[in-house]
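My entries follow the structure.

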Amino acid sequence: MSRPRFFVDAWDPAYGASFEASAGGPAAPSSAQVDPDVELSATDWRAIGARRDLPAPDVVLLVDGVRRIDASVWTAEDDGGSFPGIAASYAAGVVRCDLERGAAELAGARVGRGLFTASPSAQDVLAGRIHYPVHRVGGTGELSKLPAAVQGPLTALEVAVSDAARVDGDLLVVDGPLRSRRQLPRTLGYIKTQHSQYLDARLTAVVTGLAPGQRSPVFRLGTAWGGYSWYLRLPVAAGAPWAGIVRMECSAELSPAEAIGLADLSLVTLPRFASTPYKDPRAPQNLVPIAGLERRLRGLLGDARLLRRVLTAAARGIRR
């Protein structure tokens, strides 16, 4: 069998690909089963304020990851067929926030790359010290679904840097849903963009009526990645009903009392990290340490234009 070939799409990935499926539709009510009675019965739902007797933890670890499509590629198979693919770079890091000292520092960061495709004959791309190992995806491998395939390796990288930086007792806050990280102890998922509506209209009204520094009661989601969840509103000027609101998650393996304890802890901890509009257009949800970590991680990904040239040269070298 001859060596498979690949071609780099001429379009800059910042503008999508020359062939790309349309994006998904608008957010819709979720079909997930919800148990709203974990902390308060649904008929008694109300806003909950911060506990005055509960101090914030001494140390908070904030974890985030970034990803970037360096190039869209197409394979050329021996039978005349072709499969789309993406060459992607991704990085994960941890910021250690010492609340006693008022200091934050990078506690660890790692970078990964990969060629994501359903091609059965695709091979790793090697160009000098740049390595894009093949991550073979299942199904037909439509181009529109390939970016989601990067999430698995990125999550594994986030778990690895979290394990390396963590000390027992530290509160770990993951930017985004917990997904497969639910086994990490004393860990919160931080969801700053709300894509689904989990609660009925009456309970949603409690959420949108939260004042800054208040949270909703804890409820439980019956999804595949189900667990305990709650909403809280960060410091924000008056605005849209969902302005400044984030959704938090913790593991379903915890007891209700443990989940409620983490909800209380999140309320005395996270508002102090909220960003401001003149510094960040995603304020206040994009926490200040997370914004700084994202900038650092994007720098670690390397120059996108250089990597694209490396990939193009590697493709031409394979065809010779």
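I take the expected span of a helix as 1.5 Å times one less than its number of residues. The model is predicted, and I read every entry below with that in mind.

Entry 1, helix 4. I checked the length of helix 4, residues 256-269. Its 14 residues should span 20 Å at 1.5 Å a residue, and I find the end C-alpha atoms 20 Å apart, which agrees.

I counted ten of the 14 residues as buried, so helix 4 is largely enclosed by the rest of the structure. Among them are Ala-259, Ile-260, Asp-264, Ser-266 and Thr-269.

I looked up the largest nonpolar core and found 34 residues. Tyr-190, Val-218, Trp-230, Leu-232, Leu-234, Met-248 and Leu-270 have the most contacts inside it. The elements giving two or more residues to this core include strand 12 (187-191), strand 16 (227-233), strand 17 (245-251) and helix 5 (288-300). Helix 4 gives the most, with seven residues. I also noted a second, separate core of 23 residues, which includes Leu-61, Ile-86, Leu-172 and Leu-184.

Which residues does Leu-232 contact, leaving aside its neighbours within four places in sequence? I list Leu-210, Gln-214, Arg-215, Gly-244, Ile-245, Val-246, Met-248, Ser-266, Leu-267 and Leu-270.

I searched for disulfides, taking sulfur atoms within 2.5 Å as the rule, and the count came to zero. Cys-97 is buried at a relative accessible area of 3%, and Cys-250 is buried at 0%.

Key:
Residues numbered from 1 in each chain as written. Predicted model: local features only at pLDDT ≥ 70, side-chain atom pairs only at ≥ 80, totals over all residues. Heavy atoms only, no water. Helix = DSSP H or I, 4+ residues; strand = E, 2+ residues; numbered from the N terminus. Buried < 20%, exposed > 50% of the residue type's maximum accessible area, 1.4 Å probe, protein only. Core = buried A, V, L, I, M, F, W, Y, C linked by side-chain atoms within 4.5 Å. Contact = heavy atoms within 4.5 Å.
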